[in-house]
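Hi everyone, thanks for making time for this.

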Amino acid sequence: QGLSAGGELGGATTLIAEHVTPRKRALYAAAPAVGGSLGFAAASGTVAIVMTLTTDAQMADWGWRIAFLLSVPLTLLALWARRRVPEDAVEQPIDGQKVRRLPIFEVVRRQPRAIVVTACLSLVNAGTTYVSVTYLSIHLIKVNGYPSSYVYWATMGVAIMSALVAPLCGAWADRVGIKRVLWVGLLGYLVIAYPVLAVMAWGNMTLAFIAFLLFGLMNPFIAVAMFALVPRYFDREVRYSGVALGCNIGVVIAGFGPVIATWLVPTTGSGNSPALFVAAIVSIAGASLLLTPPRDRMDEALDVIVPLLRGE
């Protein structure tokens, strides 16, 4: 599943980048964020329903397979939709260069800095996502002692709200600037991570859910901005490979996030210590923005000027 999703995410992000107008780049870049959030919501809801309808023994024996079986029609639907999308909306290469070797080797040779920036942005996007929908469920149940059924329903609610907020973040980013929205998400996590975990420890389910929701709603600011930015960092001939390579490096590293967060609690003796992991990946992403490929700064100006000259 990881290989499938990892390959498809880079393709989906690239297709969107090459099909949309500059004025709506961030709005349409919200589509992968919406899909991901709804996927997490469906997963949490499925787990909650199956756990309600089965015993612990039944869940361990066959109940866990239900979610995998439900993914079959979704996969067929995705395949049908993907086959109806034109493969390439860009007629001419951006820089006129030809790929002399396998694209993955060519993009490493040509644009290593773009890969590093993409990996760092992917790290913070995936890392905060995994902490939100994976680790916080564990934290609420194991550390804070909330009922598991409540936590899974809460996780579904947070994921749905995140999906609803993503297009709003995209529309806002197209108006005020993609990087500004990205910084809102980064600084937001830096400020709220510790207080969110502290509030969850109070034992009040309503306040815990509000804190959970606040944490989850910061992610769309980062996700939408990342999906809108990173395809622009790569030349057309190697774009898919560059986006996929950078994003998946970040996702693989971020996959250790729940493990690190779980390890931090007993090691430090503090239930709020996972905030250190969030602060670390946010700092890495913020520093990486200083490495933004120079061409992006010129592209931002051209994206505004060219459509105006064309009367779009």
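This is a predicted model: local features need pLDDT of at least 70, side-chain atom pairs count only at pLDDT 80 or more; totals for chains, interfaces and linings use all residues.

Okay, the overview. The protein chain has 13 helices and 0 strands. If you read along the sequence, the pattern is α-α-α-α-α-α-α-α-α-α-α-α-α. Of the 312 residues in the protein chain, 43% count as buried. And what about contacts across the sequence? Taking contacts between residues at least 6 apart in sequence, 83% of them join residues at least 24 apart.

Now let's look at how some of these helices pack, starting with α6, residues 112-143, and α8. Their axes come within 12 Å and cross at roughly 20 degrees. Angles under 35 degrees count as roughly parallel, and α6 and α8 are therefore roughly parallel to each other.

Is Ala 285 buried or exposed? With a relative accessibility of 0%, Ala 285 counts as buried. Setting aside neighbours within four places in sequence, Ala 285 is in contact with Cys 120, Leu 121, Val 124 and Leu 186.

Next, α8 and its packing with α9. These two pack at an angle of about 155 degrees, with their axes 8 Å apart. That makes α8 roughly antiparallel to α9. The crossing is left-handed here as well: that is how α8 passes α9.

There's an aromatic pair to show you here. Overall, the structure holds 4 aromatic pairs. One of them is Trp 64 with Phe 68: the ring centres are 5.9 Å apart and the planes are at 85 degrees, so the pair is edge-to-face. Trp 64 is partly exposed, at 41% relative accessible area, and Phe 68 counts as partly exposed too, at 44%. Then there's Tyr 189 with Phe 215, also edge-to-face, at 4.8 Å centre to centre and 65 degrees between the planes. Tyr 189 lies in α8, residues 178-200, and Phe 215 in α9, residues 205-229, so this pair ties together parts that are 26 residues apart in sequence. Both Tyr 189 and Phe 215 are buried.

Let's stay with α9 and bring in α7, residues 148-176. What is the angle between α7 and α9? They pack at about 35 degrees, with their axes 8 Å apart. This time the crossing is right-handed. Among the residues making the contact are Tyr 150, Thr 155, Val 158 and Met 161 of α7, with Phe 209, Phe 212, Leu 213 and Pro 220 among those from α9.

Thr 155 turns up again if you look at Ser 44. Ser 44 lies in helix α2, residues 25-53, and counts as buried at 9% relative accessibility. Beyond the neighbours within four places in sequence, Ser 44 is in contact with Tyr 152, Thr 155 and Met 156.

Last stop: α10, residues 239-254. This helix has 16 residues and reaches 22 Å from its first C-alpha to its last, close to the 22 Å expected at 1.5 Å a residue. Its buried residues are Arg 239, Gly 242, Val 243, Ala 244, Gly 246, Cys 247, Gly 250 and Ala 254. Ala 244 takes us to Glu 8: those two are 236 residues apart in sequence, yet 8.4 Å apart in space, C-alpha to C-alpha. Glu 8 belongs to helix α1, residues 2-19, and is partly exposed, with a relative accessible area of 38%.

Definitions and conventions. Residues are numbered from 1 along each chain as its sequence is written. Side-chain values use heavy atoms; hydrogens and water are left out. Helices (H or I, at least four residues) and strands (E, at least two) are DSSP runs, numbered from the N terminus. The expected span of a helix is 1.5 Å times one less than its number of residues. Buried means under 20% relative accessible area, exposed over 50%, partly exposed in between (1.4 Å probe, protein chains only). Rings of Phe, Tyr and Trp (its six-membered ring) pair if their centres lie within 6.5 Å; planes under 30 degrees apart count as stacked, over 60 as edge-to-face and the rest as tilted. Axes are lines fitted to C-alpha atoms, for helices over the stretch in contact, and angles run from 0 to 180 degrees between N-to-C directions. Angles under 35 degrees count as roughly parallel, over 145 as roughly antiparallel, 65 to 115 as roughly perpendicular and the rest as oblique. Contact means heavy atoms within 4.5 Å. A crossing is left-handed if the near helix is turned anticlockwise from the far one by less than a right angle, and right-handed if clockwise.
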